[in-house]
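Q: Hi! I've just opened this one and I'm new to it. Could you walk me through it?

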Amino acid sequence: MYSDDYLYTKEHEWVRVENGEATLGITHHAQEELGEIVFVELPEVGKVLAAGDTLGSVESVKAVSDVYAPVSGEVIAANDLLADKPELVNQEPHSGGWIARIRLSDKSELDGLMSADDYEAYLGEEKKH
Amino acid sequence: MTQRVRKTISINESLLFEQVPGNRSTCDFPPLDVPSGEMADYVPRELLRDDIPGFPELNEVEVVRHFTRLSTHNYHVDLGLYPLGSCTMKYNPKINEKLARIPAFAQAHPLQLHENTQGCLKVLQKLADLLVKITGMDGVTLQPLAGAHGELTGMMLIRAALTARGNPRKKVLIPDSAHGTNPASAVLCGYTTVTLKSNASGCIDLDELRRHLDPDVACLMMTVPNTLGVFEENIQEVARLVHANGSFLYMDGANFNAFIGVARPGDMGVDVMHLNLHKTFSTPHGGGGPGAGPVVVVKELVPFLPMPVVSTKTDGSLFLDYNRPQSIGRVAAFYGNFGILLRALAYILREGSDGLRQVAENAVLNANYIRHHLSRDFHLEYRQPTLHEVVFDDKNQADAGVHTMDMAKRLLDLGFHPPTVYFPLIVPGAIMIEPTESESRAELDAFIDTMRQIAQEARESPKLLQDAPQDIRSTRFDEALAARKPVLIWKETGQA
């Protein structure tokens, strides 16, 4: 379920880094918890975010949930397909349901994110508690 | 079990557009006393709407029956328990309505001369004084028209006071157990928000708070008791830390029903608080209310309150004082929802201070009665004592494939309005029950029996819940489709 090529956050976002660019979305677990997604608020391209800033939000029939920037940098792309097909976040959370792409300004921030194994262990912890 | 809600008319009511077409208008216009002409001669073309094809023309009795039939589809607090957590859906005593219908109040015009509206001004002043007294604060504005409007007003007051001090600052801290409108109000007022994670007991984590308090923090917005129904036991220390940082402490008063008459926010160090009159003070709630969200404040914020305010002249008469140079201005037309303010005053005067204390005590007792009797069947994530509401979740039922929404829909079949579901977000699958003080033990017992029946059904016949509701006019809607592809106007092509 959780690919080793991705990094993960405690807020249930995933990040895939290629050539200094981080593509991100919400994890399978997050979409499952939220239920059917009805709207995704995308970030503006060109916006500069610090890690932890609110990047957008995901709205389901149950709740609205903020999406946080896992890393700092400039937003270079947003997944406009989600405007008409927010359900992609449910169907393909780790691929077609990506939310934004950020040009990393500080690669060392990646060290603070979780590996797939760590994330699965974290999910196990959350479940217990 | 007796059917609690009678299905008076079990047919679905069609839209007015779907009624048999025909020209049955019975509206007679008086003869024209001006020359007749074409609409386009008087109204700019770009403002003219095209004809609406199929626009229904019905006579008076057809329209009356349509809306009367629709009204029987409604569930309301006059029909039964309405345990919507965090909403305080208490009974609205009929004496409130009786007083609000007194012609001298109901027909007063906001532009009448002060000399002729002394009674109305007295109502506003009296309510203002009582709200200040009940909350232990120094001043109040009655203008805001809803809770979230009160929040925004409160944030504007904080911004004005900080600006007067020299720096409006940038951030607002909000615990993850706060009401969902809090971040929106802060952002609308130009602040960025920072979420504070609750500690294991669902309260503010003092270390987390200390870490986040820096010179950019304008205020901490907290809901007390929080959305778990837990009272912030460290509130005085929280206030001390916030004030030492030069920040303000905002209390979301939506849950004031839990401690009204027992404790005063002003004594806890709160600087600003909005009150939802449509929750704690028994004015109508739901269906558009209308609401009222007065904001009480400490001395430093009084000069910035919206204007006008009711003041007393030297001869003892009342007037509307616009001479408020530091005021943030108006936040509503005229003086707020006067008829609602009047109802709240009637409620406070009828209850008196002993009565208000009893309101809180009974609200807490009722919630804990439900908590006690349901905690064997439903999982309780946070186990510490709670006040006016209790938050269960669906962990005990999830293995059977039954989730919170299934149980909420089943409650509809069994004649109850469901509790708040999937909120607060810090409890996955939350079932948030707030019975209020209005309910008798018999009503609470009926609800408890029904919830336990549902828990049993979840064990024995989960499909019954997954397919619910079946016994009311509509079965389960596709809420996701409705939100993704909403159809907001009637279309003939939409018919089968």
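A: Happy to! This is a predicted model.

Q: Why is α5(B) called oblique to α11(B)?
A: Because of that crossing angle of roughly 45°, α5(B) counts as oblique to α11(B). Angles under 35 degrees would be roughly parallel, and 65 to 115 roughly perpendicular.

Q: Is the crossing left-handed or right-handed?
A: The crossing of α5(B) and α11(B) is left-handed.

Q: Which residues make that contact?
A: From α5(B) they include Cys120(B), Val123(B), Leu124(B) and Lys126(B). From α11(B), Phe338(B), Leu341(B) and Ala344(B) are among them. Taken by class, the residues of this contact are 13 nonpolar and one charged, with no polar ones.

Q: Okay, strands next. How many bridges join β8 to β9 in chain B?
A: Four bridges join strand β8 (residues 309–312) of chain B to strand β9 (residues 318–321) of chain B, and the two run antiparallel. Val309(B), for instance, sits opposite Asp321(B) of β9(B).

Q: And what's between those strands?
A: The hairpin of β8(B) and β9(B) has five residues between its strands, and Gly316(B) there takes a positive phi near 90°.

Q: What about chain A, in what order do the strands of its open sheet of three come?
A: The order is β4-β6-β7 (chain A), with antiparallel pairing. At the edges are β4 (37–41) and β7 (64–68) of chain A, each pairing on one side only. From one strand to the next, the twist averages 20°.

Q: Which residue in β6(A) is the bridge partner of Phe39(A)?
A: That would be Glu59(A). Four bridges join β4(A) to strand β6 (residues 54–60) of chain A, and these strands run antiparallel.

Q: Last one: which strands are at the edges of the four-stranded sheet in chain B?
A: This open sheet has the order β10-β11-β13-β12 (chain B), with antiparallel pairing. Its edge strands are β10 (379–380) and β12 (420–421) of chain B. Two bridges join β12(B) to strand β13 (residues 431–433) of chain B, and Val421(B) has Ile431(B) as its bridge partner in β13(B).

Technical notes: Residues are numbered from 1 along each chain as its sequence is written. Chains are lettered from A and ligands numbered from 1 in the order in which they are written. This is a predicted model: local features need pLDDT of at least 70, side-chain atom pairs count only at pLDDT 80 or more; totals for chains, interfaces and linings use all residues. Axes are lines fitted to C-alpha atoms, for helices over the stretch in contact, and angles run from 0 to 180 degrees between N-to-C directions. Angles under 35 degrees count as roughly parallel, over 145 as roughly antiparallel, 65 to 115 as roughly perpendicular and the rest as oblique. A crossing is left-handed if the near helix is turned anticlockwise from the far one by less than a right angle, and right-handed if clockwise. Two residues are in contact if their C-beta atoms, placed from the backbone, lie within 7 Å. Ala, Val, Leu, Ile, Met, Phe, Trp, Tyr, Cys and Pro count as nonpolar, Asp, Glu, Lys and Arg as charged, and the others, Gly among them, as polar. Two strands pair if DSSP finds at least two bridges between them.
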